[in-house]
Amino acid sequence: MLHGFPEFWWTWRHQLPALAANGRHAVAVDLRGYGKSDKTPRGYDGWTLAGDVAGLIKALGARRAHLVGHGWGGLLAWTTAALHPRLVESVTTISAPHPLEVPLRPLLAAQPPFWPERRLVADDAAVVERMLRTWAGPQWTPDPEVLRCNREAMLIRGVAHCSMEYFRWAFRSRLRGDGREFKAAVSRPLEVPVLRLRGEHDARTSPITRFAPYRVIDGAGHFPQWERPDAVTALLLGAGTR
């Protein structure tokens, strides 16, 4: 289970025990540069990040894995299935565009040096709280613990910079040879079952897609996994992880 921006592994706190109780070996990790994962100076390209996921599957002793990802984690789930198909059983993405459908605007906002990182950590990462409140659906009642934990996670040294490197590579690679190779690699249809979820009120994820249709989670915004946890868990135990 792969989290998105601006969160960490804890976004799956509702799904982990529910999946385990149904006999699944459920694992949630901090992506490279987030939480307690290594803050490497490089390695935030799609090739390396997918390699991280593939290596984790092998390290856990699994032959294949069901990948579930939110936001950037959803992009990585799809990318891993495209680049390492023998290791992937199915892909479920939540509030995540296809790797080739990433909108340009958030990528551009991350390109200037230093300023995006400073904005993320200013006032004890107050902007993270604003993101969670704004991106969630209107039915979500702000939870102080959710707001506090995600602000604290962004304030871990190096996380703000590393999280921006995902966006920077996604934009800059469009102009380079590795980006053209990446586009060709992930444009092929996946050979495994795919379930795509998005919240009814998610303004961050475009409802238009040419790769696979979305299933809409009623009442949710950009974070269905904790806005409507029971609904998401039921789908994961059904079509998403068969």
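Strands here are DSSP runs (E, at least two residues) and helices are runs of H or I with at least four, numbered from the N terminus.

A note on what I am reading: this is a predicted model, where local features need pLDDT of at least 70, side-chain atom pairs count only at pLDDT 80 or more, and totals for chains, interfaces and linings use all residues. Residues are numbered from 1 along each chain as its sequence is written, and side-chain values use heavy atoms, leaving out hydrogens and water.

Next I looked at the pairing of β1 with β2 (residues 88–94), which is parallel and runs over 6 bridges; two strands pair if DSSP finds at least two bridges between them.

Then I checked the whole sheet. I found an open sheet of 4 strands in the order β1-β2-β3-β4, paired in parallel. At its edges I see β1 (65–70) and β4 (215–217), each pairing on one side only.

I turned to the cores (sets of buried Ala, Val, Leu, Ile, Met, Phe, Trp, Tyr and Cys joined through side-chain atoms within 4.5 Å; buried is under 20% relative accessible area with a 1.4 Å probe, protein chains only). Which residues touch the most other members of the largest one? I noted F5, W72, L120, M154, Y166 and F167, out of 57 residues. Helix α7 gives the largest share, 8 residues.

I also looked up L120: beyond its neighbours within four places in sequence, its contacts (heavy atoms within 4.5 Å) include F5, M131 and M154. Finally, I found a second, separate core of 14 residues, with W12 and L236 among them.

Definitions and conventions. Buried < 20%, exposed > 50% of the residue type's maximum accessible area, 1.4 Å probe, protein only.
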